[in-house]
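Colleague: I would like to learn how to read the places where chains meet. Could you take me through them slowly?

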Amino acid sequence: MPPAASTYAGDVDALYYFILYISIFFFTLIVGAMIYFAIRYRRKKGETEAPDGPTHNTFLETTWIVVPVIIVIIIFFWGFRGYMIMSVVPANAMEIKVTGQKWFWTFSYPDGQMTTNELVVEVGKPVKLLMSSKDVIHSMFIPAFRLKRDVLPNRYSITWFEATQIGDYHLFCAEYCGTSHSKMIGTVKVRSSSDFAEWLESLDSAGEGVTPAEYGEKLFTSRACITCHHVDGTVGTGPDLQGIFGHEVELTDGTKVTADENYIRESILDPISKVVVGYQPVMPTFQGILKEKEVDALIAYVKSLGGKDE
Amino acid sequence: MSDSSTHPSYLHHHYGDVDQQREAAKLGMWIFLVTEVLFFGGLFCVYAIYRSWHPEMFINAHHALDWRMGGINTLVLIASSVTMAMAIRSFQVDKPKQGIGMMWATVLLACTFMVIKYFEYSHKFHVGQLPGKFYTYTGIEGTNPHIFFSIYFAMTGLHGIHVLIGIGVILWLMTKARKGSYHSGYYTPIEVTGLYWHLVDLIWIFLFPLFYLIG
Amino acid sequence: MNSTVAAKNGDYTIPKLHYINAAKGLKSWLTTVDHKRIAILYLISVTIAFFLGGIFALLIRLELFKPGEQFYGPDLYNQFFTLHGAIMIFLFIIPSAPAVFGNFVLPLQIGAIDVAFPKLNLASWYLYVIGASFAVYSMLTSAIDTGWTFYTPYSTSTSTAVISMTFGVFILGFSSIFTGMNFIVTVHRLRAPGLTWFKLPLMTWALYATAIIQVLATPVLAITLLLLILEKAFGIGIFDPAMGGDPVLFQHFFWFYSHPAVYIMILPGMGVISDLIACFSRRNIFGYKFIAFSSLAIAFLGFLVWGHHMYTSGQSELSSVIFSFLTFMVAIPSAIKVFNWTTTMYKGSISLETPMLYAMAFIFLFAIGGLTGITLGALSVDIHLHDTYYVVAHFHYVMIGGAVIAFLGGIHFWWPKMFGRMYNNFWSVVAFVFVFVGFNLTFMTQFFLGSKGMPRRYHDYLPEFAQLNGFSSVGALIQGIGYTIILINMIVSLKRGKPAGPNPWGARTLEWEHTTSPPDEHNFDGVPAITHDPYDFRAPK
C-alpha cells in the first residue's frame, strides 16, 4: 500500500490486511486440503471398485455457511464504518473547488487563488473538495489518502480528507476520459501551517522577480500545457512549440497564418478557431483560468523557444 | 414410431407427443414475454425517473397529445385482442375459414392503430415536437420538454415496431392457415402468437394513461 | 444404430455413422438444426473470438511492458483495451459455455433428442454471427474507444464507432436470450421419463440457472444499448447532462445487466467443475442439493448487487451500504460450492487426468478471485481499489481463472465425446502448465499494482509501477503460448487422435453411458432408462 497519509487511511489498511490474512488462511485450508486429498486418495493401479465416500453432512454444511456469514458481516460493518467516516465532511473543513476536464485539474482556493494539477494543503487540517467536471466523467484519486470520488458534469460531488504527513503524493484521474487519461496526473503537496500560508501568499505575487519568459516557463508546466505540447521537437497531442514563433503555420482549412503574438494568444483563449493541420481540435480554452499577466508570460516563453524574430 | 396417426407431420421428431410439444411452445412464449416485459420495463423505469424529476413539465407537455386519438387506439387494440382470441377459438373447433376471417380482422384493426399513430406522429413532426436535439417547438413550459417527447417516441415507437412485427407474423400464419395447416389437433402457432399479441395490447394499455391522461 | 467395436487389444473404432458425417457439405452445416452441430458452429466462432480478443490483450501488454510510449500512442491503446473487453465478454465468454457445452451436452444429459426449439437454436447462432459482424465492422471503421462499459457522456460525445459496436452487442443479446429460453423449456419439458430434478447432473442445474439469468438480465442490456444508440443518433437527452440527462442513470442500467452477466459467465463453468470432480474422484458429489440450490441462489442474489460497481459514482450512501451488504451475501453460495467440491475429493479415488488438473486449478484460482471480490465488496477498501489494477486482477481471476479454466477443463473432458478422438496427453499437460503459470504471473502482479495505486485503462504509467508491469507482460506471453498449444493439440487430434470409445473417463451421466463417441445424429437408441444417480459410481453398469 502507499504511505497512509490521511486520518482514515490507516483504518482502510487495517481492514484490507484483515481480509487479506483471513483470505490467506481459508485459501491455504482449501487448497491444502485439495492437494492433500489428491495425493492421499490417488487412484491405485488395478482398483476396480469405486469408493464409498460420504455424500452429505448437514453439520458440516451448516458450519461452513454460518462461519463465513459471520466473518463477512464483520467485514461489512468495518467497511461500512470507514465509508461513513469518509462520507461525512467535518464542519470546519477548508473548501477547495475542483474542476476536472480533459485532461487536467484546476483547484480554486477560498480567496480566489488557482492552481493547475497541484493541490497544496495544510497538514492536520480537514479539506473539503467540491468537484465538478466540464466535460465527461473523471475521478479524483489520491492513493496515499485512500480517497476516490467520481467527478461529474453538471453536478457537484463532495469528498474530504485530513492529511497527516507532510510530503508530496500522487493525484490521478481514475475514470477513463479519453486520449490523455493517463496523463491527467497531479501532485498533492502537504505542508506545515507556516509553509502553507507562505505558499498561498506567493501565489498572489507569482511572477515577481523573474523575467516574463522564466515565469512563462514555470506556468507552461504548472498549467499543464506540457501535457500536450512538447518543446523538444517531438510530437504530442498538440504541435511542438520549439522554434515555432514567427514561422508560418498551416491550418486544417488549408490557410496559412504566421505564429505571432496574436496567434499564440488566440490559441490559448480560443483554441478551436484555428487548428493546425494534422491535429485534432481537442485543446480546451484557458479563458477564465489564466490571468492576463500569465498569458503574457506564456507568450514570452514561447517566443524564447526560438524562431524568426519579427 | 413413424406411423402417421401417432406421428403426425406437425409433431417434431424430438417430442414424444403433441401435448408435450404444445406445452413446450407455450412455456417458451411465456418466457419470451417475460423478456419483453423486462425490455419495456427499462423504459417504464426511465419514464418514472424523469417524471419524478420534472412533474410539471410532464403534465404541461402531455397536452400536446390528443387523448381522443389515443383512446380510440386503445379500443382498437383491445378489439384486436378479442378478434385474435376468437381466431384461436375458431381453429379449436375446426372452423378454419372463420379463423382466417378473425385473423383478417385483427390485422385490419392493428393497421388502423398504425394509421392513427401515423397521423399523431406526422402532426408532431410538423410542429417540431421531435425527440432530443431535433426538438424545436417552443410552446411548452418547464425544464427540458424535449425529454418528454424523447421518452414518448422511444416507447410508442418501440411499441409500434412490435405491432408491425405482430402484423407480419399473423399474415404469415394466415397463408399457412389457408393451406389447412391448423385445426383442432394443432393450432399452437396461433395460440402462442395470440399470447404475444395480448402482451402488445397490454403494454399499450399502460402507455396510454401514462402519456395521455396524466394531470 | 451403429456401435463401436472394441477390438481384442482394447482399441476402439469410430462408429461408421455419427452426427458429423450424417450429412456432408457446408450447406448441411449452415442449415442444421442438430444441437450437436450447432455446438460445433459455436465452438469455432468463440474460438476465433477468443484468439482475436487475445491478440488485443497481447498488444496491450506489449505496450505496457515498459513505461513511456513503446509501440503506439494512447488513442490506439484506448481502442485496443475497449475491443479486448468487448470481444472477450460479448463474443467469447458469455456465449462460450452455454452455447458450446450447453448445446452439445444438455440434451444428452437429460436423455433428449434435441433442445425444445431446434430452429430457434440455429437462429441464435446466426444472430451471434450477425452481431459479431457488426462488432468487427466497427473495429475496421473507427474503432470504439469508450471502454467495454460505454459510460456516458464520453460515449455520447466520442466520434468513434459506438453505434455499430453497441448495435452488434444488441443483436448478440438476442442470441443469448433465445438460447436461455430454449434451455429453460428443454429442461422443464424434455427430460427422459424417470429423470427427476434431483437426478439431474449438476451441469444441467448450472445451465438451467444460467438460462434464467440470460432471460431476465439481457433484455435490460438491450434497452440500455438501444437508448444509448438513440442518444447518440437523436440526442434524446436521457444520459447526456448537457441535454438534461443523468450519466449515473446509464451506469445503473448498464450494471443491472452486467453484474448478473458475470454469473452467466461463471455458473456453467461451475457446473463443469461439479461433473469433473465427481468423475475424476470417481465418487458421488458431496452436498449435491447444496450445490444445486446454490446455483439458483447465485442467480437470484446476482440481480441485487449491481451497485457495487458504483460506490464512487455519486449514488447515495444508503444505496452503497445496501449493495455492499448484499454483495457479501452473494459470495456465500459460491463458497459453499468450493467447500463441497473439495470435500468430494475426500475418500475419493483421484485420477489426475488433464480435465482434473483444470478442475483443481479452478478451485485454486477461483478461490483467489472470489476472496479478492470480498475485498472489493468492503466499502472503505473499495474506495481505494476501485478503478485500479486490483479490480482488473480480480475479474481476470474469476473470468480466466474461473470461467476459461472451467471451459478448458470441459473441452478436455468432452472432446472425446464430441469428436470420438483423444488429444495428445503430454501436450495437454504442457499447455496446462503454460496457462497456469502464465496466468498467475500476468495477474497476481496486478493486485499489487492496484493496491499501490495504479489506475486502470492507463496507456502510460509512472516509473514506480514499471517492474510489476514488466512481469505481467511476460506472463501474458507465456499464457498465449499455452492457449496456442491447446488449439494445435485439439486440431491435430481430429486427424491423428486415438479413437476414444464411448466412455474413456468412466463417467456415469447419460451422455457417457448411452451414446457413442461421436454420438449418433439422433443421440440415443430409443429412450434411455434411468437406473442410477448421475454420480453413482458404484451402481452396476
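Modeller: Let us begin with polar contacts, meaning pairs of N or O atoms within 3.5 Å, where within protein one must be able to donate a hydrogen and the other to accept it, and residues adjacent in sequence count only if both atoms are side-chain atoms. Between chain C and chain A there are 26 residue pairs in polar contact, both residues being at pLDDT 80 or more. This is a predicted model, in which local features need pLDDT of at least 70 and side-chain atom pairs count only at pLDDT 80 or more, while totals for chains, interfaces and linings use all residues. Residues are numbered from 1 along each chain as its sequence is written, chains are lettered from A in the order in which they are written, and side-chain values use heavy atoms, without hydrogens and water.

Colleague: How many salt bridges does the rule find across the interface of chain C and chain A?

Modeller: A salt bridge is a side-chain nitrogen of Lys or Arg within 4 Å of a carboxyl oxygen of Asp or Glu. The rule finds four between chain C and chain A, including one that joins C:D460 to A:K183, with the closest N and O atoms 3.3 Å apart.

Colleague: And what is the count of salt bridges between chain C and chain B?

Modeller: That count is zero, although 11 residue pairs there are in polar contact, both at pLDDT 80 or more.

Colleague: How many residues of chain C are in contact with chain B?

Modeller: Contact means heavy atoms within 4.5 Å, and 39 residues of chain C touch 33 residues of chain B in this way.
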